[in-house]
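Please look at the sequence and the structure first.

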Amino acid sequence: MRVYVPLTLPALAEAHATGELAGGPFVAYAVTPALREWYLSDDIEELEYAALNRAALASLRLLAADPQAPRRRVVVAVDVADRAAGTDPDRGLDPEALGEVRVAGAVPLAKAASVHVDAADAEADVAAAADALPAAEGGDDDARFVVDGAEDHELLWFATQEIPNLVGRAD
């Protein structure tokens, strides 16, 4: 199963240093039955893109909680065994949990397929979105508009071999 792990650049640097993603269990996003139903598509590429975008929003939440992190959303796409990731049945119908899975334990960074990171020109919009996120999630339409401004930026695709260059930006 391909899962999308939301991170920040400092968290990616830590994963690079330790050779693994999180100590587990941790939250990631994947093509789940609830995401399929919500997105109403059978196109796996579209569904994976939707899961990636859910992870990008979760990365924005991490940035909102860490004002010292560079203002770039980070998502790592990693393949895990199907049994290693599961949905929370209590949150299955929660719109905030669409695509959310819990990965049981640490995952070697070597299993990563790719890394997705904002470009430098997205930093101002991502910073504004991180600041506006609490109000947006509280129902403020103006703040939601600011958060949508960050979502207008496509995450760039990087090969895993490029992680050392990416984390050099976090130092």
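Ala77 stands opposite Ser114 in S8. This is a predicted model, in which local features need pLDDT of at least 70 and side-chain atom pairs count only at pLDDT 80 or more, while totals for chains, interfaces and linings use all residues. Residues are numbered from 1 along each chain as its sequence is written, and side-chain values use heavy atoms, with hydrogens and water left out.

Strand S4 (residues 74–79) pairs with S8 in the antiparallel sense over five bridges. Strands are DSSP runs of E with at least two residues, helices are runs of H or I with at least four, and both are numbered from the N terminus. Two strands count as paired if DSSP finds at least two bridges between them. S8 also pairs with strand S9 (residues 156–158), antiparallel and over three bridges. Here Val115 stands opposite Phe158 in S9.

## How enclosed S8 is

Of the six residues of S8 (residues 112–117), five are buried, so the strand is largely enclosed by the rest of the structure. Buried means under 20% relative accessible area, exposed over 50%, and partly exposed in between (1.4 Å probe, protein chains only).

Helix H1 (residues 9–18) has Leu9, Leu12, Ala13 and Ala15 buried. These residues cover an arc of only 160° around the axis, which puts them on the same side of H1. The arc is that of the directions from the helix axis to the C-beta atoms. Glu14, Ala17 and Thr18, on the other side of H1, are exposed.

Just after H1, Gly19 has a positive phi of about 85°.
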